[in-house]
Amino acid sequence: MSDNKIIELPDFITVRDLAETMGASSIDVIKKLMANGVMASINQEIDFDTAAIVAEELGFEAKSEAEAEAEPVDSADLPEWRKIIENVDESKLKRRPPVVTILGHVDHGKTSLLDRIRSTNVADGEAGGITQHIGAYQVTHDDKLITFLDTPGHEAFTAMRARGAQVTDLAILVVAADDGVMPQTKEAIAHAKAAQVPIVVALNKMDKQNANPELVKTQLADSGLVPEEYEGDTMVIPISALKGDGIEDILEAILLITDELPIEADPNGPAAGTIVEAQRNKSRGVLATILVQNGSLKQGDALVAGSISGRVRAMFDYKGNKIKSAGPSTPVEIMGLSDVPTSGDMFESVKNERTARKMASEREIEAKQAAKSKRSARTLDQIFSQFSKGETQELNLIVKADVQGSLEPIISSLEKLGNDELKVRIIHSGTGNIGENDILLASASDAIVIGFNSEPDSSAKNKAATEKVQIRFYNIIYRLIEDIELALHGMLEPEYVERATGEAEVRAMFRISKVGNVAGCMVLDGVIGRNDQARIIRDGDVIHEGPIGSIKHLQEDVAEIRKGFECGISMEKFNKLKEGDIISAYVIEEK
């Protein structure tokens, strides 16, 4: 084993940075390069292989950062089915078919590609194409099965992931060669990258006269998917879904990439998997499309999915054929659940219906308790605390700005923040308003949404409240960068917000000895508390702002007074209240 000190290097590094990483002189590094026939200045970039040779000659062993990140998977990163199936025997795990999702802009040919892949697998003599009965299907290529999940879009893909379901092994990104990378394409890239699945680009519509593949490849590189011919690691495959060109190449690429992935399951173990979608049918009851991820689900099996239980009364494959059993990576439609389960919920088979009902009941109670004590939104001022406890190593951000001119310097500045221990990771960035899709991605990625002169629409606000996602707004770039930097160093001051509590109208004035002027009021709205702050509004103008001194009801001091009640209110350091004045009370709270 080598005694050389191990260092981690990126794919490209400047001579100066390489020297600093090794603690060596830049001159020594340049001399070693010259000895190996490479003429480079101190600020010139060299590739990893060249840097590794120089490092070895100076007593170091270089490893690529990509390899260093590919550490052994711990229990937290195991597939969800591994977390609900106890005592998995590793020796019984076998290769399973890969599961593939196709994403892309709505008009770029996603549906056409799905249809073309299906039609190439129609058996000889079978009339017409295969009718898709469920939102998933399987094809065979080189005697190997591939499962395709036909999600409606990257929103559904991420909504399932937000519930803990990680069902996809690889994503096919469809991009039209005549249209290029669109905003929806960038969103799909962000969602697939956040899910940390490999991406293959299907460059569609190559049959069109105005196809411009080189321009699209440049756009892809700018979006973080660098094609292989640009010395990147993204396979970009030209196809024509209309004519059927390149379909075999897509299937080959799927098998080539997924053959390198550790996708395994125990076909003879307990059945477990994910609910893909579900609905109630008037004549057939609850129908659920599921993906079996471990074991073999059989007709008659009792199962529980979330807080729903049932028994598999009937099971159908993607062609609509009735089947008795389904193994790993098999999509099927089942009948027999007691209610409609939620997309993304995990299911597992159990020994009998009684056990299933008991487990479902217990989970329902747990869900209600969890709803009462919902986790608070992950906020910037919590990040350093979580990092200190070893709970996080990165700050995930989604950044939306009003214009591209603002977005670029923000992204550039944010990417320079952080260090080797606590990193800033920009999950997605774009221009325009903050949408529901941004909130979904933030929820699934445990990210904070940053808006620069960008506001959320109403559906995004509602989704953020439901999913407990924090949105922070800025209109000054340096303030945005400063807040993120302070959060990374654990020095971010709490954010305070004003909350209106109540409003009262002055109906009469009284003079009370030892107290002074007291306003006889009627509370018009809310609750006014003795510790509240208040603004005195006269003829539409604020004439005073300060703390409330006292509140009396029937000559008694009270802590608060509610809407519809009369009271006496005095203000601290202000005795000029008049009839008709409005007392608008509020409190300042830490957000």
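Predicted model: local features only at pLDDT ≥ 70, side-chain atom pairs only at ≥ 80, totals over all residues.
## Confidence of the model

The protein chain has an average pLDDT of 81. A score of at least 70 is reached by 83% of the residues.

## Cysteines

A disulfide is a covalent bond between the sulfur atoms of two cysteines. The cut-off used here is a pair of cysteine sulfur atoms within 2.5 Å, and by this rule the count comes to 0 disulfides. C521 is in no disulfide, and its nearest cysteine sulfur, that of C567, is 5.1 Å away.

Are C521 and C567 buried or exposed? C521 has a relative accessibility of 2% and counts as buried. C567 is buried as well, with a relative accessible area of 7%.

## Aromatic rings

A pair of aromatic rings is described by the distance of the centres and the angle of the planes. The count for this model comes to 2 aromatic pairs. One of them is formed by Y137 and F148, with 5.4 Å from centre to centre and 20° between the planes, and it is stacked. This pair links distant parts of the chain: Y137 lies in strand β7 (residues 136-141) and F148 in strand β8 (residues 144-149), 11 residues apart. Y137 counts as buried at 1% relative accessibility, and F148 counts as buried at 0%.

How are the rings of Y137 and Y318 arranged? Their centres are 6.4 Å apart and their planes stand at 55°, so the pair is tilted. Here too the pair links distant parts of the chain, since Y137 is in strand β7 while Y318 is in the loop between β17 (308-316) and β18 (325-326), 181 residues away. Both Y137 and Y318 are buried. Y137, F148 and Y318 form one aromatic cluster.

## A parallel sheet and its helix

Strands of a sheet pair through backbone hydrogen bonds, either parallel or antiparallel. In this model, 4 strands form an open sheet with parallel pairing, in the order β22-β21-β23-β24. Which strands stand at the edges of this sheet? They are β22 (423-431) and β24 (471-474); each has a single partner strand, so one side of each is left without a neighbour in the sheet. From one strand to the next, the twist averages 25°.

Strand β23 (residues 448-452) pairs with β24 in the parallel sense over 4 bridges. I450 has R472, in β24, as its bridge partner. Helix α14 (residues 436-445) packs on the sheet and touches β21 (394-401), β22, β23 and β24. The direction of α14 makes about 175° with that of β21.

## Antiparallel pairings of β26

Strand β26 (residues 516-529) pairs with strand β25 (residues 496-512) in the antiparallel sense over 10 bridges. Within this pairing, A504 has V523 of β26 as its bridge partner.

β26 also pairs with strand β31 (residues 566-571), again in the antiparallel sense, over 4 bridges. There, M522 stands opposite E566 in β31. A further 3 bridges join β26 to strand β30 (residues 560-562), and these two strands run antiparallel. I528 stands opposite I561 in β30.

## A contact across the sequence

A194 lies in helix α8 (residues 183-194). With a relative accessible area of 11%, A194 is buried. How far apart in space are A194 and A444? They are 8.3 Å apart from C-alpha to C-alpha, although 250 residues separate them in sequence.

Technical notes: Residues numbered from 1 in each chain as written. Heavy atoms only, no water. Pairing = 2+ DSSP bridges. Axes fitted to C-alpha atoms, helices over the stretch in contact; angles between N-to-C directions. Contact = heavy atoms within 4.5 Å. Buried < 20%, exposed > 50% of the residue type's maximum accessible area, 1.4 Å probe, protein only. pLDDT = per-residue confidence, 0-100. Phe/Tyr/Trp six-rings, centres within 6.5 Å; stacked < 30°, edge-to-face > 60°.
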